[in-house]
Amino acid sequence: MGAVEAKLAELGLTLPDVVPPLAAYQPAVQSGPYVYTAGQLPMVDGKLPLTGKVGAEVTPEEAKELARTCALNALAAVKSVAGDLDRIARVVKVVGFVASASDFTGQPAVLNGASELLGEVLGDKGVHARSAVGVAVLPLDAPVEVEIQVELA
């Protein structure tokens with residue numbers, strides 16, 4: 001077990017299996033020193049724990065936890081092509097989508113769940129640029145979806 005996975009264990013987290021694609025794409029691809037993940041839903045054991053819009057059926061606090069799950073799934077996707085999470089030199093960019101009720105404007109706070117997890121697990125290597133986007137609906141009626149780009153050492 002590498003240092004990153006040891007840190008996950010210290011936080012009480014286990015790296016999940018890679019979430020299988022829902023359509024015609026790969027969970028992650030490497031181009032040069034970069035790994036780009038597909039959008040990761042907050043799947044746990046093959047299922048979404050919650051569905052619906054944030055600010056309606058899903059609370060912002062619940063959505064923030066789901067964003068953490070998305071980030072964990074993204075790390076699993078990175079490992080599937082990089083082989084070892086200790087190869088991550090830094091997280092470059094995080095893009096998050098929040099299925100939002102029409103009056104919900106707290107997308108950045110929801111995506112803090114993903115950003116904070118990456119910081120807890122990777123320290124300074126987890127500091128990144130980010131976009132937090134509100135959308136009408138996501139695949140499978142997921143409340144949140146996160147994709148990351150990392151640079152490998």
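Because the model is predicted, local features were taken only where pLDDT is at least 70 and side-chain atom pairs only at pLDDT 80 or more, whereas totals for chains, interfaces and linings use all residues. Residues are numbered from 1 along each chain as its sequence is written, and side-chain values use heavy atoms, with hydrogens and water left out.

Secondary structure elements are DSSP runs numbered from the N terminus, with helices (H or I) of at least four residues and strands (E) of at least two. Helix α1 (residues 3-10) packs against helix α3 (residues 107-122) at an angle of about 115°, and their axes are 8 Å apart; here axes are lines fitted to C-alpha atoms, for helices over the stretch in contact, and angles run from 0 to 180 degrees between N-to-C directions. In this contact (heavy atoms within 4.5 Å), V4, K7 and L8 of α1 meet E120, V121 and L122 of α3. The residues involved divide into four nonpolar, no polar and two charged, where Ala, Val, Leu, Ile, Met, Phe, Trp, Tyr, Cys and Pro count as nonpolar, Asp, Glu, Lys and Arg as charged, and the others, Gly among them, as polar.

A nonpolar core is a set of buried Ala, Val, Leu, Ile, Met, Phe, Trp, Tyr and Cys residues joined through side-chain atoms within 4.5 Å, with buried meaning under 20% relative accessible area, exposed over 50% and partly exposed in between (1.4 Å probe, protein chains only). The largest such core has 38 residues, of which L75, V144 and I148 touch the most other members. Two or more residues are given to this core by each of α1, α2 (60-82), β3 (88-99), α3 and β5 (144-152), and α2 gives the most, with 12 residues. Apart from this core lies another, of seven residues, including V19, L41, M43 and L48. When residues up to four places away in sequence are not counted, L75 touches L15, L85, I88, L117, L118, V121, L122 and I148.

Open space was examined on a 1 Å grid over the protein atoms alone, a pocket being an open set of points where a 1.4 Å probe fits, with protein on both sides within 12 Å along at least five of seven lines, and lining residues having an atom within 4 Å of a point. Grid points are joined across faces, edges and corners, and a volume is the space filled by probe spheres set on the points. The largest pocket holds about 210 Å³ of space, and its lining consists of P16, D17, V18, V19, P20, M43, V44, D45, G46, T69, L72 and N73. By class, this lining has seven nonpolar, three polar and two charged residues. P20, one of the lining residues, lies in the loop between α1 and β1 (28-31) and counts as exposed because its relative accessibility is 57%. The C-alpha atoms of P20 and A77 are separated by 9.7 Å, although the two residues are 57 residues apart along the chain. The second largest pocket holds about 160 Å³ and is lined by 13 residues, of which L22, Y25, G39, Q40 and L41 lie nearest its centre; this lining comprises 10 nonpolar, two polar and one charged residues.

A82 and Q30 are 52 residues apart in sequence and 7.8 Å apart in space, C-alpha to C-alpha.

T51 lies in the loop between β2 (34-37) and α2 and is partly exposed at 39% relative accessibility. L140 is placed in the loop between β4 (129-135) and β5, and D141 lies in the loop between β4 and β5. Most residues other than glycine have a negative phi. Phi is positive for L140, near 60°, and for D141, near 65°. D141 counts as partly exposed, at 30% relative accessibility.
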